[in-house]
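Please look at the sequence and the model before reading the points below.

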Amino acid sequence: MSDDLPDARPDGGILVAAKGGGIAFLGRLFAWATRLALALLLAHTLEADGYGLYNLALTAATVVASLPSLGLDSALIRYVAVYAGRRDASRLRGSLEVGIGLPLLLSVAVGLILFLVAEPIAVGVMHDTRLTPLIQISALLVPGTVATRQLEGALMGLGRLGDAVIAEQFIQPASRAVMLVGLLAVGLTAGWAVAASALAALVATAVMVLFLLRAAPQMRAATPLRETRLLANHSAPVYFSNIVTTFGGNLQTLFLGALSNATSVGVFAIANQVTMVGSMFHSSVVASSMPIFAELADRQDRDGLRRIYRTTSKWTFSLNLPLFFLVLAFPAALLAVFGKGFESGVDALVILAWGNLINAATGTSGAILDMTGHTRVKFLNSAVSLALAIGLNLLLIPPLGMRGAALAAVGSITLVNVLRLFQVQLLVGVQPYDVSWLKPVAAGVAATAAGVGVAWLAGGPTSLVGFVGGALALLVGYVAAILALRISDDDRMVLQRAGRRLTRRRRRAGRIAPDPVLPAGPPQP
């Protein structure tokens, strides 16, 4: 078992969650920054119409890639963590063989089917013949997407989140960026952009395979014990839930393509890209928390579960707030960066920001349901959310276009997250809120007022100088206000641990002398 898996103390779990969340966030930050830079490149090169076609092709591959996983990525996180904690090499190897091998075989077949039905989808559903070759190229993305998803689950279960992040959040976007920049020389088209995404996924897959073989050498000599039924019992409801969630998450793109046009898809995709940094904070903390929740639930440590649930949920909310206020204060300036025509997505951008805030405010409730075995509840939530989203999209997109798509997304997000909160309280007996949640709200309001004031003094919120100055004032003001309001003991423990790690690294490099009054702390996890 990796040293990064939590020990029996709640403090250890919180520190591992912080470390894992930090690693995941850095990776997602790099991936988001790379995607944002590439979105700028593609938006200016392909314009809104071409960028919309590109996103429709990728969405088709993303939806189809949810089919072969069978929900086994979630089972890998849970049972690999449990078997690694028990030092059970036989069950560990068996779980990896079932959880990775079967979905990978199915993904090849599903990708071939997508290739064959590309024309009916493009002509009959999206009413645009230009999509046919793009969807055919995107079929190559299906096996790579499935493989990285399963391998990520395995590495997370082994406590090697850092390895998964390196491959998926650093190597994959970097290799895609190199390909796209290189293609500028020969003429970058939507088709070449889709092909670059597919090849980058295959590069990440190869790297993750190497990381997995290095992370679990003890399983190579073990006789595999495949508990297929156990994995299937966990995975079945997760599988259908993941399909529903994936389809629901891409519903706006699909409906806009079918009911509106490619230009609307392109503008909406940019609005989504801008708000993605908020969901990135949330998903980073969730990714680091899932194996910890699984181990604590396996030990029946209710107090540890409650403490980590509360702390990690507050982190997702606090980290999302400044980005939410940034979008609220400067929506037009954010979209103007992408070129002419994208400013029409201002209303959709603001609405989507509210959806991300609601998702962050409900914390890690979805992860705790998964890792405590309540996967059927997850499926029920997702099915209800999808039904609502389909109805809202059909009702709102024809008259409202992008705004309707954004409202439909927020409506379904709100419903499923409120359901999760009540279900965690009822089924697990924990809830995430206390009075300390009011501190980031107060800090955010004060920082936003300061940021808007600076923007107006510097030329207005839509001018470049005003936007940059106001954004910096908002972000710096938020951090200053949070510190002035005093952070909690758990947050202070995490920051002190990070400071001690940084100090030790600097000492090893010979840049500073030892500090004999450095505060003591619990042993390193």
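The second largest pocket holds about 320 Å³ of space. It belongs to a predicted model. The lining of this pocket is made up of 17 residues, and none of them is charged.

**The second largest pocket**

- Of the residues that line the second largest pocket, Trp32, Leu36, Val274, Leu326 and Leu334 lie nearest its centre.
- By class, the lining has 13 nonpolar and four polar residues, with no charged ones.
- At least two lining residues come from each of these helices: helix 1 (10-65), helix 11 (262-298), helix 12 (302-329) and helix 14 (346-361).
- Helix 12 gives the largest share of the lining, with five residues.

**Helix 7 and helix 8**

- Helix 7 spans residues 161-183 and helix 8 spans residues 190-215; the two pack with their axes 8 Å apart, at an angle of about 150°.
- How are the two helices directed, roughly parallel or roughly antiparallel? Angles over 145 degrees count as roughly antiparallel, so helix 7 is roughly antiparallel to helix 8.
- The crossing of helix 7 and helix 8 is right-handed.
- Sorted by class, the residues in the contact of helix 7 with helix 8 are 18 nonpolar, three polar and three charged.

**Helix 18 and helix 19**

- Helix 18 (residues 438-457) and helix 19 (residues 464-484) cross at roughly 155°, and their axes come within 7 Å.
- Helix 18 and helix 19 are therefore roughly antiparallel to each other.
- For helix 18 and helix 19, the crossing is right-handed.

**Salt bridges**

- How many salt bridges does the structure hold? There are six salt bridges in the structure.
- Arg130 is in the loop between helix 4 (118-125) and helix 5 (131-138), while Asp49 is in helix 1, so the pair ties together parts that lie 81 residues apart in sequence.
- Helix 1, which holds Asp49, also supplies at least two residues of the lining of the second largest pocket.

Key:
Residues are numbered from 1 along each chain as its sequence is written. This is a predicted model: local features need pLDDT of at least 70, side-chain atom pairs count only at pLDDT 80 or more; totals for chains, interfaces and linings use all residues. Side-chain values use heavy atoms; hydrogens and water are left out. On a 1 Å grid over the protein atoms alone, a cavity is a set of points where a 1.4 Å probe fits but cannot get out, and a pocket is an open set with protein on both sides within 12 Å along at least five of seven lines; lining residues have an atom within 4 Å of a point. Grid points are joined across faces, edges and corners, and a volume is the space filled by probe spheres set on the points. Helices (H or I, at least four residues) and strands (E, at least two) are DSSP runs, numbered from the N terminus. Ala, Val, Leu, Ile, Met, Phe, Trp, Tyr, Cys and Pro count as nonpolar, Asp, Glu, Lys and Arg as charged, and the others, Gly among them, as polar. Axes are lines fitted to C-alpha atoms, for helices over the stretch in contact, and angles run from 0 to 180 degrees between N-to-C directions. Angles under 35 degrees count as roughly parallel, over 145 as roughly antiparallel, 65 to 115 as roughly perpendicular and the rest as oblique. A crossing is left-handed if the near helix is turned anticlockwise from the far one by less than a right angle, and right-handed if clockwise. A salt bridge is a side-chain nitrogen of Lys or Arg within 4 Å of a carboxyl oxygen of Asp or Glu.
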